[in-house]
Amino acid sequence: MIPPHYYLFLGTSLFTIGVVGVLTRRNVIVILMSIELILNAVNINLVAFSQWFHSMDGQAFAIFVITDAAAEAAIGLGLIIALFRNKETVNADEIDLLKW
Amino acid sequence: MPLQQIAFFLLSEVALGSAVLVITRRNAVHSVMWLIVTLFSVGGIYLMQHAEFVFVVQIILYVGGIMVLFLFVIMLVNLDVAAKQAQFSRQWLLGLVTVVVLAAELVYGLYRGHEGFALAQGAATPPTGGNTQAIALALYQDYMLPVEIASILLLVAMVGAVVMAKKKLE
């Protein structure tokens, strides 16, 4: 039986790696992949607590998080295609139309 | 060391190692491949916790659906130029410092709250009738309205993706 804080540390580490990817990478596709890492870290916590409490609520929430991830990936990749068509770039720091 | 712990440490090491590779690779296709490895090992961790349904959803939806979508978009978008440019933005040092502070806060919170995790374990008997049945009961009894809202969200996302990827709006 693995104690729940092992899973919490794993989730924290995966979350941190995802945040590093979001904050430091330039390629927007890799930034979207880092967001998927963050969502997976959240799911690890949800499933760990779900098993620890023998309650299905956490796993139901994990299903909802995966649903959100699918919607977010579809919208995000559609945005990337539209962006590439207009600006011919995938670098996040070159998309600075709103920058003063 | 019991077999379960060996499996846990193996899976989590593979997950974290390939996650680091995801955010450091120059080629976005390689990033997708390493992300698939991460998703498989996270799926293995779900399986270890008897969350079989979430494991299957992870494989079918994440690895089979979302990652294929990523690969398609990488083929549609020309990444040859971006692969030759700098991979990290100018504020990478500031970002890294922020993340170190965030990680220190999280680990400190977990460490201090360590006793708090000695939570009373739930009812000793796991729900009967298998994991899929239990999740179905939770989703369609307790979370009926959220399921409907999620289906509307997916519809909106589908229409939005089609509209945004369209060539020209008339």
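A cavity is a set of points on a 1 Å grid over the protein atoms alone where a 1.4 Å probe fits but cannot get out. The structure, a predicted model, holds one cavity of 30 Å³ or more. The model scores ipTM 0.92 and pTM 0.89.

**Cavity**
- The largest cavity has a volume of about 40 Å³, a volume being the space filled by probe spheres set on the grid points, which are joined across faces, edges and corners.
- Its lining (residues with an atom within 4 Å of a point) consists of M1(A), I2(A), Y7(A), Q51(A), Q4(B), M48(B) and Q49(B).
- By class, this lining has four nonpolar, three polar and no charged residues; Ala, Val, Leu, Ile, Met, Phe, Trp, Tyr, Cys and Pro count as nonpolar, Asp, Glu, Lys and Arg as charged, and the others, Gly among them, as polar.

**Helix packing**
- Helix α2 (residues 28–52) of chain A packs with helix α3 (residues 52–76) of chain B at an angle of about 175°, their axes being 12 Å apart; helices are DSSP runs of H or I with at least four residues.
- α2(A) and α3(B) are therefore roughly antiparallel (angles over 145 degrees, on a scale from 0 to 180 between N-to-C directions).
- In contact (heavy atoms within 4.5 Å), I29(A), L32(A), M33(A), E36(A), L39(A), N40(A) and V47(A) meet V54(B), Q58(B), Y62(B), I66(B), F70(B), V73(B) and I74(B).
- That contact has 11 nonpolar, two polar and one charged residues.

**Confidence and conventions**
- Chain B has a mean pLDDT (the predictor's confidence in each residue, from 0 to 100) of 87, with 91% of its residues at 70 or more.
- Local features need pLDDT of at least 70 and side-chain atom pairs count only at 80 or more, while totals for chains, interfaces and linings use all residues; side-chain values use heavy atoms, without hydrogens and water.
- Residues are numbered from 1 along each chain as its sequence is written, and chains are lettered from A and ligands numbered from 1 in the order in which they are written.

Note on methods:
Helix = DSSP H or I, 4+ residues; strand = E, 2+ residues; numbered from the N terminus. Parallel < 35°, antiparallel > 145°, perpendicular 65-115°, else oblique. 1 Å grid on protein atoms, 1.4 Å probe; cavity = no way out; pocket = protein on both sides within 12 Å on 5 of 7 lines; lining within 4 Å.
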